[in-house]
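I opened this model to look up a few spots. My notes are below the view.

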Amino acid sequence: MTRPYNFSAGPAAIPEEVLAQAAAELLDWHGSGMSVMEMSHRGKEFISIYEAAEADLRELLAVPPDYRILFLQGGGIGENAIVPLNLSRGGAVDFVLTGSWSQKSQKEARKYADVAIAATSEADHFTSIPDAATWQLRDGASYVHICSNETINGTEFQTLPDLKALGSDAPLVIDFSSHVASRPVDWSKVGLAFGGAQKNLGPAGLTLVVVRDDLIGHALPACPSAFDYQLVAENDSMFNTPPTYAIYIAGLVFQWLKRQKETTDKGDLAGIAAIEARNIAKAKLLYDFIDGSDFYVNRVARDARSRMNIPFQLRDESRNDAFLAGARARGLLQLKGHKSVGGMRASIYNAMTIAGVQALVDYLKEFEREHA
């Protein structure tokens, strides 16, 4: 029996292979006699799981040796406080606002730092990304924060800004919660990246931080010890009990990502390159149909469109309930848009197959034929 296609924005779909493996190992991990949920985080069994997950992620994302990978808790919203507690030194921090999540981030950071808005696309309802050449960056800022993919508004930085080219020495901080591991990261432009795992890496409860060595060790006195990046790094993410089962599932996702292969006109691809090619194809399939229809509309600027989160509206929104009911009946789940923007939203993270996107497009065509 084919499982329904889950278009949830998060917690989101996990690859079926990963779920099957986790189910098979649930009661007894590799002959240990224990479930991973029952293991000591300091025991040799879990340490092997943690070390493999860290090494696989470093390989997948090509994380340089002078960056630390930290497995934390608190989610992206928690990092909105934890980042300024560690990096701001109580000084100036610049934000670029491109949607709901960067708005939340700057609001939280104001509790700990001198926050200024370097640029915003609020005037066009966050359907675009401000040209980096227009950003008003302050000298001496501790860091510049962007959300590189806005889950709710459906915008994504297609290339990361080069702050040095803009005349700034500040490190770039990116919230990559909703597109981590969907495309490569240019670490030469990034000082710190953070994200909750529940969109593209695994279940809720795990938070990923990748931070350059020279940026740790400057936490404000008010920073809780469990969230001081230096203490967490010195203890290999074991300063307190980490989210062990979430790390285990994320590790299985990393192994799944390493197995992915795609044959393209650029040759045979593997890992992140393969998944990026697949994500490009999935997004093109859905955007091309919406753009060619008079029944549906996507209002995001084409050069700012997310590959992961695709919001769209029915031009006649009186049909929304009928659309969602028909989708559920066909096994197309979680398509209702966020309450702050309305309409519909298809989140097509790494775990979503091309067959799932095609099934959605087929339903969009069918609904349009019946109601146009």
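I am working on a predicted model, where local features need pLDDT of at least 70, side-chain atom pairs count only at pLDDT 80 or more, and totals for chains, interfaces and linings use all residues. Residues are numbered from 1 along each chain as its sequence is written, and side-chain values use heavy atoms, with hydrogens and water left out.

**Phe176.** I looked up its place first. Phe176 lies in the loop between strand S8 (172–175) and strand S9 (192–196). Helices (H or I, at least four residues) and strands (E, at least two) are DSSP runs, numbered from the N terminus. Phe176 counts as buried because its relative accessibility is 2%. The classes are buried under 20% relative accessible area, exposed over 50%, and partly exposed in between (1.4 Å probe, protein chains only). Which residues does Phe176 touch, not counting residues up to four places away in sequence? I found Ser148, Val185, Trp187, Ala193, Phe194, Gly195 and Leu208. Contact means heavy atoms within 4.5 Å. Ser148 is 28 residues from Phe176 along the chain, yet their C-alpha atoms are separated by 5.6 Å.

**Glu25.** Next I checked a charged residue. Glu25 sits in the loop between H1 and H2. Glu25 is buried and has no salt bridge. A salt bridge needs a side-chain nitrogen of Lys or Arg within 4 Å of a carboxyl oxygen of Asp or Glu. The nearest side chain of opposite charge, Arg259, is 9.7 Å away; Lys and Arg count as positive and Asp and Glu as negative, with His and the chain ends not counted. What does the side chain of Glu25 make a polar contact with? I found the side chain of Tyr248, at 2.5 Å. A polar contact is a pair of N or O atoms within 3.5 Å; within protein, one must be able to donate a hydrogen and the other to accept it, and residues adjacent in sequence count only if both atoms are side-chain atoms.

**Helix H4.** I listed the buried residues of H4 (residues 100–109): Ser100, Ser102, Ser105, Gln106 and Ala109. Their cover includes helix H3 (75–87) and strand S3 (92–97).

**Backbone.** Most residues other than glycine have a negative phi, and most peptide bonds are trans. I noted exceptions. The peptide bond from Gly10 to Pro11 is cis, with omega near -5°. Arg89 has a positive phi of about 55°, and Phe126 has a positive phi of about 55° too. Arg89 is exposed at 54%, whereas Phe126 is buried at 7%.
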